[in-house]
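Welcome! Please take a moment to look over the sequence and the model before reading on.

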Amino acid sequence: MSLQFTQRDERVWDDPGRCPFCGGPVSDGGAGFIDHVEHVPECAERFERWRQQVGGDVPGEWAG
């Protein structure tokens with residue numbers, strides 16, 4: 001499978017069946033996405049960076 005990574009600071013959030021970082025398929029926007037980032041290091045890195053950026057916007061601890 002060939003992944004089409006977006007620019008480092010770009011995300012595409014309009015399709016819950018696709019990873020917003022690489023466009024690869026995910027089974028769903030919840031657990032399927034988490035399974036995906038556990039297997040694709042580039043997406044895991046970008047997801048963690050995104051979580052750090054929005055962490056202060058989410059009251060309490062991030063549950064995702």
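## About the model

This is a predicted model, in which local features need pLDDT of at least 70, side-chain atom pairs count only at pLDDT 80 or more, and totals for chains, interfaces and linings use all residues. Residues are numbered from 1 along each chain as its sequence is written, and side-chain values use heavy atoms, with hydrogens and water left out.

## Helix H1

Let us begin with H1, which covers residues 31–39. Helices here are DSSP runs (H or I, at least four residues), numbered from the N terminus. Gly32, Phe33, His36 and Val37 are the buried residues of H1. They lie on the same side of H1, because they cover an arc of only 135° around the axis; the arc is taken from the directions between the helix axis and the C-beta atoms.

"Buried" means under 20% relative accessible area, "exposed" over 50%, and "partly exposed" in between (1.4 Å probe, protein chains only). Ala31, Glu38 and His39 are exposed, on the face of H1 turned away from its buried side.

## Helix H2

H2 runs through residues 41–54, and its 14 residues should span 20 Å at 1.5 Å a residue. The expected span is 1.5 Å times one less than the number of residues.

Within H2, the buried residues are Cys43, Arg46, Phe47, Trp50 and Val54. These line one face of the helix, since they fall within an arc of 105° when seen down the axis of H2. Pro41 and Gln52 are exposed on the other side of H2.

## Where the helices meet

The buried residues of H2 pack against H1, and H2 is among what covers the buried residues of H1. The two axes come within 5 Å and cross at roughly 115°. Axes are lines fitted to C-alpha atoms, for helices over the stretch in contact, with angles from 0 to 180 degrees between N-to-C directions.

H1 brings Phe33, Ile34, His36, Val37 and His39 to the contact, while H2 brings Pro41, Cys43, Ala44 and Phe47. Contact means heavy atoms within 4.5 Å. Seven of the contact residues are nonpolar, two are polar and none is charged. Nonpolar covers Ala, Val, Leu, Ile, Met, Phe, Trp, Tyr, Cys and Pro; charged covers Asp, Glu, Lys and Arg; the others, Gly among them, are polar.

## A salt bridge

How many salt bridges does a search of the whole structure find? It finds one. The side chains of Glu45 and Arg49 meet in a salt bridge at 2.9 Å, N to O. The term needs a side-chain nitrogen of Lys or Arg within 4 Å of a carboxyl oxygen of Asp or Glu.

Glu45 and Arg49 are four residues apart in H2, so about one helical turn separates them. Glu45 is partly exposed, at 41% relative accessible area, and Arg49 is partly exposed at 25%.

Conventions:
Helices (H or I, at least four residues) and strands (E, at least two) are DSSP runs, numbered from the N terminus.
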